[in-house]
Every structure is written in C-alpha cells, then in structure tokens.
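Me: Can you help me read this structure? I'd like to start with how its parts touch.

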Amino acid sequence: MAIRRIARMGNPVLNQVATRVDDPTAPDVARLAGDMKDTLVDIGGSGIAAPQVYESVRLVVYRLTSRLAEDQEIAADPWTVMVNPELTPLGADTLTGWERCLSIPGLHGKVSRPARLRLVYTTLTGETVEREVDGAHATLLQHECDHLDGILYPMRMDDISKLEFDAEPGHLAADMAAGVKIWPVLRKLVEDWPGREQWMDRRAQE
Ligand code: NI
C-alpha cells in the first residue's frame, strides 16, 4: 500500500478514455485500489478515479460520508471499490450542486447532473453489483466516473462564471444567503471566508 501522487488538470492522463479492466480479481487491481484508498485517507477525500493517480484504467474508489449528505460529519460508509462502473441516468430530473476535485485543487464549481442513476460495477472478487442511486451519491459517482472518460467537472458546467477559488467563494456564499442547500464540506469554505459578511449583507439589501 502506498500514497500516490495525484495528476492535476492539464495532465494528458486526465483527458484519456481509460481502458476496461480485463480481470477485476487480478492482484495488481486490488493493489492499485488499496493505494487509491490510502491516498484518499491521507488527504481526506471522498472519491478518486485511477486516472487521477496516473493509471488509465476503469477503477474508482469512494465512500459516502455524512459531511457530504448531512449537517455534520458523524458517520462514514465503508470504502467501495468499483471496477468497470457503468452509469445510466433514470428520468429527466437534474440535481445542481457545487463540486471540487482533487485534480483541480483550490477551486470549486456549480454543476447540474442527472439526479437518479442505475449503477452497475464489478467488485474485486468478481461479483456484479447493480443498484439505483440518487442525491449526493449520484453526483459523486458521476464526477468520479467522468474521470474514466477524460471529463473534468468544469467541462460539465453550463455557466463557467460559477467556477471560483475556494478562498473567494462569492457565488457559493450567494447561494447560501439565498437558502440553497449546500453540503457541509462546502459551507465551511464560506464560513472560513474573511470577506463573507460584506457580500452576504449586500445581497440581503439588494
Ligand atoms: Ni475529481
């Protein structure tokens, strides 16, 4: 097990379509998944795709934590390893939220994505898992699986003006002031923003 270096936006490995894993039960696949988990634990991340650690194969490791879905970080699910995951949107509903990416440090952006999906993947022991997902779970999975097709979240944005630095979260603060539900991990960016009061007060007066 090892902590891997993370490729950042601009590195060609992040723009490639990753290859399918022929044998999900192969020891080198489990080793790579272990490294990806170690890397997430080391940096406190929720999900990572193999291309982000310079391996262009269809492998994703993630876990849902309450800091994504609830008000406080009180619990985390076990880590999930997905080999050759496939997502199919169910219905036309979309969910709009703010996203960050380990390969785009220091920035966040507002993205709309299908709200409900069918997920199929293979486990490291070769079993096929099929389930339906929605909410924060659906958003996270689409973000991670996009990495397998060379897509980064800014490429999914309708309005590129909603891409901003974590240290200057003006649009995010405006959403918060307007009562939009923001995941706690992102709300903290606004709470830590020294300039927030003048801008949030100004919005309230407009
Ligand atoms: Ni990412």
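Me: How many residues are in contact between domain 1 and domain 2?
Reply: On the domain 1 side, 13 residues are in contact with 13 residues of domain 2. Keep in mind that this is a predicted model.

Me: Where are the two domains in the chain?
Reply: The domain assignment puts domain 1 at 12-160 and domain 2 at 166-206. Their C-alpha centres lie 27 Å apart.

Me: What area is buried between them?
Reply: About 1200 Å². Carbon and sulfur atoms give 56% of that.

Me: How many salt bridges cross the interface?
Reply: The rule finds two. Aspartate 166 forms a salt bridge with arginine 100. The closest N and O atoms of that pair are 3.3 Å apart.

Me: Which elements of domain 1 give two or more residues to the side that touches domain 2?
Reply: Helix H2 (66-69), strand S5 (107-114) and helix H3 (135-147). The residues on that side divide into five nonpolar, three polar and five charged.

Me: And polar contacts, how many residue pairs between the domains?
Reply: Five residue pairs, both residues at pLDDT 80 or more.

Me: New topic: strands. Which strand does S3 join?
Reply: Strand S3 (residues 80-89) is joined to strand S6 (residues 116-122) by five bridges, and the two run antiparallel. Glutamate 86 has valine 120 in S6 as its bridge partner.

Me: How many bridges pair S6 with S7?
Reply: Seven, in the antiparallel sense. Here leucine 117 has valine 133 in S7 as its bridge partner.

Me: What lies between S6 and S7?
Reply: Five residues, in a hairpin. Glycine 126 in the turn has a positive phi of about 90 degrees.

Technical notes:
Residues numbered from 1 in each chain as written. Predicted model: local features only at pLDDT ≥ 70, side-chain atom pairs only at ≥ 80, totals over all residues. Heavy atoms only, no water. Domains from an automatic or database assignment. Contact = heavy atoms within 4.5 Å. Buried area = accessible area lost by both parts, 1.4 Å probe. Salt bridge = Lys/Arg side-chain N within 4 Å of Asp/Glu carboxyl O. Polar contact = N/O pair within 3.5 Å; in protein donor to acceptor, adjacent residues only side chain to side chain. Helix = DSSP H or I, 4+ residues; strand = E, 2+ residues; numbered from the N terminus. Nonpolar A, V, L, I, M, F, W, Y, C, P; charged D, E, K, R; others polar. Pairing = 2+ DSSP bridges.
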